[in-house]
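Please keep the model open beside you as you read.

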Amino acid sequence: MKRDIQHLPYGYEPPKQERKGTLVFYDSFEDISEQELEAAARTAVERRFVKLVLYPLHEETVRRMTKEPVQAYYKREDRLHDWRREQGNSMITVESLEGKRKKYTPLDSALRHISEVYPAPYFLYLTPEMANLFASYSSFEGWIVKLRLILSEAPEQLHPRLERFSHRWDVAEG
């Protein structure tokens, strides 16, 4: 069996990857407008992410997190798929884990799934309300050291944990 040996010049360094990481937009998408989706996509392109993952929450998850009523999961998911097709951008993905589970999915489980499926490093794109909600969970401090947050806009009120970890998040320009 003959082996091909490739020789590289001394000091060769492979080209650095231009794009890296995953930006995950974690939300119910009940009140998210197309302009807000476009802002998230613009942030993903500007910050050179490999993937923008839209992660719609199942209505059971939303009910446990916020107690607010939302449309059926499939309606919100269909809207995201339609928007993704309109964009024609292969880097945008709609995650369907919660649609497969058809029940409440804890944030920890969602983040573990994302870290198994998509390339690191991980950034969560959140509205200020969702960021404050995330910071209120006991597992927040364990996750904030593994990922960073990008908030869609500057929050009016900050959860004390968000204040303490202010070096781990920033606001998307726009």
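Predicted model: local features only at pLDDT ≥ 70, side-chain atom pairs only at ≥ 80, totals over all residues.

What volume does the largest pocket have? The largest pocket has a volume of about 350 Å³. Residues are numbered from 1 along each chain as its sequence is written, and side-chain values use heavy atoms, with hydrogens and water left out.

On a 1 Å grid over the protein atoms alone, a pocket is an open set of points with protein on both sides within 12 Å along at least five of seven lines, whereas a cavity is a set where a 1.4 Å probe fits but cannot get out; lining residues have an atom within 4 Å of a point. Grid points are joined across faces, edges and corners, and a volume is the space filled by probe spheres set on the points.

The largest pocket is lined by 18 residues, and those closest to its centre are Asp-27, Ser-28, Thr-127, Glu-129 and Met-130. H2 and H6 each supply at least two lining residues, with H6 giving the most, 4 residues. (Helices are DSSP runs of H or I with at least four residues, strands are runs of E with at least two, and both are numbered from the N terminus.) By class, this lining has 7 nonpolar, 4 polar and 7 charged residues; Ala, Val, Leu, Ile, Met, Phe, Trp, Tyr, Cys and Pro count as nonpolar, Asp, Glu, Lys and Arg as charged, and the others, Gly among them, as polar.

The second largest pocket holds about 160 Å³ of space. Of its 11 lining residues, Glu-36, Ala-39, Tyr-125, Ser-152 and Glu-153 are the closest to its centre. H1 brings the largest share of this lining, 4 residues.

Now step back to the whole fold. The protein has 8 helices and 6 strands, which follow one another along the sequence as β-α-β-α-α-β-α-α-β-α-α-β-α-β. Its C-alpha trace spans about 65 × 35 × 35 Å along the principal axes. Of the 174 residues, 42% are buried, where buried means under 20% relative accessible area, exposed over 50%, and partly exposed in between (1.4 Å probe, protein chains only). Strands E1 and E2 run parallel and are joined by 6 bridges; strands count as paired if DSSP finds at least two bridges between them. One of these links pairs Thr-22 with Lys-51 in E2. E2 is mostly covered, with 5 of its 6 residues buried.

Leaving aside residues up to four places away in sequence, Leu-126 touches Tyr-26, Ala-131, Phe-134, Leu-149, Ile-150, Leu-151 and Ser-152, a contact being heavy atoms within 4.5 Å.

Thr-43, found in helix H1 (residues 34-46), counts as buried because its relative accessibility is 2%. The residues it touches, beyond four places in sequence, are Leu-23, Phe-49, Tyr-125, Ile-150 and Ala-172.

Finally, look at the backbone. Most residues other than glycine have a negative phi, and most peptide bonds are trans. Ala-120 and Pro-121, however, are joined by a cis peptide bond, with omega about -5°; Pro-121 sits in the loop between H5 and E4. Arg-48, in the loop between H1 and E2, has a positive phi near 60°. Lys-102 has a positive phi near 55°, and at 61% relative accessibility Lys-102 counts as exposed.
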